[in-house]
Amino acid sequence: MTEPAAPELAVVIDDDYTMRLSCGKILAKMGLRAETFEDGARGLDGVATLKPALVIVDLKMPGISGMEVISRVHEIDPQITIVVITGYATIDTAVEAVRTGAYDFLPKPFLPEELRLIVNRGLERHRLAVEAKQHEIEQSMLKRRFVSFISHQLRTPLVAVHQYLDVLKHLDQQDDVHRAKGQEWLDRCLIRIDELQNLIGDWLTLAQVEGGTLSKERIKVDLNPVIPGILKTYEETALEKNITLQAQLPDGPLFVWGDRNCLSVVFDNLITNAIKYNRRGGTVTVSGSQSRGEVVIAVADTGVGIPEKCRPFLFEEFFRVKDDSSKKTPGTGLGLHISKRIVSEMGGTIEVQSEAGFGSTFSVRLPAWCEPAEANGEQTNARREANIDRR
Ligand code: ADP
């Protein structure tokens, strides 16, 4: 069972006993925890220990003035919402108080309903400020984790290359055995450098997707010739593993409304994976269809499959399944994340069905291009794009 949330806390600082009493009662009726203090000094101590969501402060008090209380409360915690209560004679000062950081003011005398209204609004503002702060902290933690992860990923192959080259430098090149060994180390260096290049390449693509600089063209693209074109570039790689590549596409076009380069990045990633994580002698089938305003491209393989427990994390940055097949296969863990970002920018979805040990099918659903003659298509496509941008 989940614990009920603790009531939010409001502090009232006012030298007028009746005012403290009535504010306390109204706040308690609103389901809040209320603490009252009779002067600025005690009030500030209370704020420092209790860290309330909201402070209601009278501007005119003996000792520390309401104005000073406002600035000192914000020194304690800038997110606390401050509401000023004031007599009509001090309205100008109240306006000044709002300028210096108070959220709002309420002239005396006021009705309980007026206080409730202003308190509710103030608490809502506080909640939003706390959420925004939390989000900011999470983002900066993610950024730090991302930078340290990337540094680690870059450093590991570099350290390996450095070590191989160091040994090679001291190797007796006249000795046949050593020469053969030297060749092997050079090959390993090249593999590590390839890994580095792939990581940097994927990382740059991700930065372009995130920064919105990857070509954002929105045109009518026929995927029917695009898919066989991509498959063709993988014929040699597939042959090395004796993998059959096949396309099952309809006779007619498969028009989508998108960016040709980005679409190639997506299907390139999916087809590479279908080959990389396939078994020797396996098959990769890319099929396409169109129905109900959607084009669906499915990339199916007969490879290692993806364990069920890993599927929810598959599209996260740097995620790789921790099994023998992934360990043996070089990769960055960025391809699927990039693909998902691109597909959703085009208003589509990407999902996976898989059975560990038997293969996987990645299905990309994209909004189909509407023919202008049929349904005022130019406008429909443009409107759809505007909706995607607004998301
Ligand atoms: P990479 O392949 O560079 O590691 P991806 O983001 O493309 O990165 O894929 C993330 C992980 O998902 C891979 O490391 C692999 O474990 C798993 N994966 C992706 N596609 C497939 C597939 N077709 N079959 C099995 N596992 C896959």
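This is a predicted model: local features need pLDDT of at least 70, side-chain atom pairs count only at pLDDT 80 or more; totals for chains, interfaces and linings use all residues.
How do the residues lining the second largest pocket divide into nonpolar, polar and charged? I looked this up and got eight nonpolar, eight polar and five charged.

**Entry: second largest pocket**

I looked up its volume next, and about 500 Å³ of space lies in there. I find 21 residues in the lining. Nearest the centre of this pocket I have Q153, E195, R320, G331 and T332. I also checked which elements contribute: α5 (112-169), α6 and α10 each give at least two residues to the lining of the second largest pocket.

**Entry: largest pocket**

I moved on to the largest pocket, with a volume of about 990 Å³. I get 44 lining residues for the largest pocket, and T272, N273, K276, Y277 and P330 lie nearest its centre. By class I have 18 nonpolar, 15 polar and eleven charged residues in this lining.

Which element gives the largest share of that lining? I found α9, with nine residues. I noted the elements that each supply at least two residues to the lining of the largest pocket: the helices α6 (176-211), α8 (235-240), α9 (260-276), α10 (324-328) and α11 (335-345), plus the strands β10 (294-301) and β12 (359-367).

**Entry: ligand**

Where does the ligand sit? I checked, and the space it takes is the largest pocket. I find 20 residues around the ligand, and N273, Y277, R320, T332 and L336 come nearest. N273 and Y277 are already in my notes as residues nearest the centre of the largest pocket. R320 and T332 I had written down among those nearest the centre of the second largest pocket.

For the shell around the ligand I have nine nonpolar, eight polar and three charged residues. I see α9, α11 and β12 each supplying at least two residues of this shell.

- N273 puts a polar side-chain atom 2.8 Å from an oxygen atom of the ligand.
- D301 has a polar side-chain atom 2.9 Å from a nitrogen atom of the ligand.
- G335 uses its backbone: an N or O atom there lies 3.1 Å from an oxygen atom of the ligand.

How much of the ligand does the protein bury? I looked up the areas: taken alone the ligand exposes 530 Å², and the protein buries 97% of that.

Terms used: Residues are numbered from 1 along each chain as its sequence is written. Side-chain values use heavy atoms; hydrogens and water are left out. On a 1 Å grid over the protein atoms alone, a cavity is a set of points where a 1.4 Å probe fits but cannot get out, and a pocket is an open set with protein on both sides within 12 Å along at least five of seven lines; lining residues have an atom within 4 Å of a point. Grid points are joined across faces, edges and corners, and a volume is the space filled by probe spheres set on the points. Helices (H or I, at least four residues) and strands (E, at least two) are DSSP runs, numbered from the N terminus. Ala, Val, Leu, Ile, Met, Phe, Trp, Tyr, Cys and Pro count as nonpolar, Asp, Glu, Lys and Arg as charged, and the others, Gly among them, as polar. A residue is near a molecule or strand if one of its heavy atoms lies within 4 Å of it. A polar contact is a pair of N or O atoms within 3.5 Å; within protein, one must be able to donate a hydrogen and the other to accept it, and residues adjacent in sequence count only if both atoms are side-chain atoms. Accessible areas come from the Shrake-Rupley method with a 1.4 Å probe; for residues, only the protein chains shown count as cover. A molecule sits in a cavity or pocket if more than half of its atoms lie within 2 Å of its grid points.
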